[in-house]
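Subject: Structure handover

Hi,

Here is the structure I promised to pass on. Please open it first, then read the notes under it.

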Amino acid sequence: PLRLIAPFPPGGAVDSLARLLADRLSPVLEQTVVVENRVGAGGVVGADTVAKSAPDGTVMGIVGAASILAAPLLQPSFPFD
């Protein structure tokens with residue numbers, strides 16, 4: 001199955017969007033898409049999970065602009081480039 005990483009808690013807007021997207025992607029890709037919530041640090045934990053996953057095409061992520069644009073400017077030890 002494909003993993004769709006949602007970097008915010010279950011029940012929120014990003015989680016709802018991820019679940020709608022997973023439902024639509026599954027029949028198109030003819031593969032199961034599982035939503036996995038990785039919560040923490042304003043979305044950075046989820047974005048880090050996607051960035052450091054194996055490049056095998058089985059992990060996708062929904063991240064906000066703040067997680068990849070603003071967070072590196074605010075955190076001196078940002079976990080990924």
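Below are my notes, from the overall fold down to single residues.

**Ground rules**

This is a predicted model, and local features need pLDDT of at least 70, side-chain atom pairs count only at pLDDT 80 or more, and totals for chains, interfaces and linings use all residues. Residues are numbered from 1 along each chain as its sequence is written, and side-chain values use heavy atoms, with hydrogens and water left out.

**Overall fold**

The protein chain has three helices and three strands. Both kinds of element are DSSP runs numbered from the N terminus: H or I over at least four residues for helices, E over at least two for strands. Their order from the N terminus is β-α-β-α-β-α. The chain is as compact as a globular protein of its length, because its radius of gyration is 13 Å, close to the 12 Å that the globule rule gives for 81 residues. That radius is taken over C-alpha atoms, and the rule is 2.2 Å times the number of residues to the power 0.38. Along the principal axes, the C-alpha atoms fill a box of roughly 40 × 30 × 15 Å.

Contacts are heavy atoms within 4.5 Å. Of the contacts with a separation of 6 or more, 68% are between residues 24 or more positions apart.

**Surface**

The chain exposes about 5000 Å², and carbon and sulfur atoms supply 62% of that. Areas come from the Shrake-Rupley method with a 1.4 Å probe; for residues, only the protein chains shown count as cover. Of the 81 residues, 28% count as buried. The classes are buried (under 20% relative accessible area), exposed (over 50%) and partly exposed (in between), with a 1.4 Å probe and protein chains only.

V63, I68 and L69 make a nonpolar surface patch of about 260 Å². Patches take residues with over 30% relative accessible area and no salt bridge; like charges are joined within 9 Å, nonpolar side chains (Val, Leu, Ile, Met, Phe, Trp, Tyr) within 5 Å. I68 sits in helix α3, residues 65-74. I68 counts as partly exposed because its relative accessibility is 42%.

**Salt bridges**

Side chains of opposite charge can pair when their charged atoms come close. The rule here is a side-chain nitrogen of Lys or Arg within 4 Å of a carboxyl oxygen of Asp or Glu. The count comes to four salt bridges.

- R19 pairs with D15, with the closest N and O atoms 3.0 Å apart. Both lie in helix α1 (residues 13-29), four residues apart, about one turn of the helix. R19 is partly exposed at 37%, whereas D15 is buried at 4%.
- R38 meets E36 at 2.7 Å, N to O. R38 is partly exposed, at 32% relative accessible area. R3, E36 and R38 are linked in a network of salt bridges.
- D48 pairs with K52, the closest N and O atoms being 3.3 Å apart. D48 is buried at 18%, and K52 is exposed at 53%.

**T49**

T49 lies in helix α2, residues 44-51. T49 counts as buried because its relative accessibility is 15%. Which backbone oxygen does the side chain of T49 reach? That of V45, at 2.9 Å. Leaving aside neighbours within four places in sequence, T49 is in contact with R3, I5 and R38. R3 and R38 also belong to the salt-bridge network with E36.

**The N terminus**

P1 is in the segment before β1 (2-6). P1 is exposed, with a relative accessible area of 69%. Not counting residues up to four places away in sequence, P1 touches T32, V34 and T58.

**Backbone: positive phi**

Most residues other than glycine have a negative phi. Two residues to look at here are E30 and A41.

- E30 has a positive phi of about 55°. E30 is in the loop between α1 and β2 (33-37). E30 counts as exposed, at 73% relative accessibility.
- A41 has a positive phi near 55°. A41 is in the loop between β2 and α2.

Best wishes

Technical notes:
A polar contact is a pair of N or O atoms within 3.5 Å; within protein, one must be able to donate a hydrogen and the other to accept it, and residues adjacent in sequence count only if both atoms are side-chain atoms.
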